Amino acid sequence: MLNFVMSKSLYIYNYFKAKKCLIKKDFLCAYENFVKAEKYNDKDYSLYIYKGISEFFLKEFESSLYTLQRALLMIESDKKLNKDEKNYLKKYLFGFIIDILKILNKEESLNEYLKIYKKLKFDRKNINKNFFYDYPLESD
């Protein structure tokens with residue numbers, strides 16, 4: 001029991017330390033702390049969203065792409081999220097993924113993601129209000 005409490009505490013500590021680093025735009029600090037947090041909880045899609053964004057801003061595009069795709073898989077299988085929340089989060093992640101695919105000149109994958117991105121629809125009323133602050137879309 002003590003190990004569980006310690007690992008949960010270490011996860012929370014590193015996760016929020018990483019988020020503070022993101023706010024300060026210290027992406028290396030954020031990335032390092034998300035990696036530490038990942039050791040204690042590898043089942044939180046938000047960890048992978050933020051870790052992928054940190055990698056993106058560190059110009060680690062291949063790694064960012066992998067991490068963001070992992071977050072997508074976790075979102076898709078998350079039973080706590082409703083369909084609108086899942087589509088909102090996917091749209092948010094696709095923005096980064098599309099930029100990465102453009103940078104990496106992966107035209108075939110880019111076209112697939114663009115097709116899916118255009119089809120993603122959601123009803124704002126069915127989305128947790130925190131998502132709009134934590135994962136802001138440029139326009140929806």
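Here is a short chat about a predicted model of a protein chain.

Colleague: What is the mean pLDDT of the chain?

Modeller: The model is predicted, and the mean pLDDT of the chain is 92. In all, 94% of the residues reach 70 or more.

Colleague: Where is confidence lowest, and where is it highest?

Modeller: Lowest is helix α1, residues 2-23, with a mean of 85. Highest is helix α4, residues 61-77, at 97.

Colleague: And why would I care about low values?

Modeller: Where pLDDT is low, the predicted coordinates should not be read in detail.

Colleague: New topic. How many disulfides does a search of the whole structure find?

Modeller: One. Cys21 and Cys29 form a disulfide, with sulfur atoms 1.9 Å apart.

Colleague: Are those two cysteines buried or exposed?

Modeller: Cys21 is buried, and Cys29 is too.

Colleague: Now the largest nonpolar core. Which residues touch the most other members?

Modeller: Tyr45, Ile49 and Tyr135, out of 44 residues in that core. Helices α1, α2, α3, α4, α5, α6 and α7 each supply at least two of its residues. Helix α5 gives the most, with ten.

Colleague: How far does α3 reach from its first C-alpha to its last?

Modeller: It spans 19 Å, close to the 18 Å expected at 1.5 Å a residue. Just after α3, Lys59 takes a positive phi of about 65°.

Colleague: Last one, Glu85. Where does Glu85 lie?

Modeller: In helix α5, residues 83-103.

Colleague: Why does Glu85 count as buried?

Modeller: Because its relative accessible area is 10%, and buried means under 20%.

Colleague: What does Glu85 touch, again not counting residues up to four places away in sequence?

Modeller: Lys80, Asn126, Ile127, Asn128 and Phe131.

Colleague: And how many Å separate the C-alpha atoms of Glu85 and Ser54?

Modeller: They are 22 Å apart, and the two residues sit 31 residues apart along the chain.

Terms used:
Residues numbered from 1 in each chain as written. Predicted model: local features only at pLDDT ≥ 70, side-chain atom pairs only at ≥ 80, totals over all residues. Heavy atoms only, no water. Helix = DSSP H or I, 4+ residues; strand = E, 2+ residues; numbered from the N terminus. Buried < 20%, exposed > 50% of the residue type's maximum accessible area, 1.4 Å probe, protein only. Contact = heavy atoms within 4.5 Å. pLDDT = per-residue confidence, 0-100. Disulfide = S-S within 2.5 Å. Core = buried A, V, L, I, M, F, W, Y, C linked by side-chain atoms within 4.5 Å. Expected span 1.5 Å × (residues − 1).
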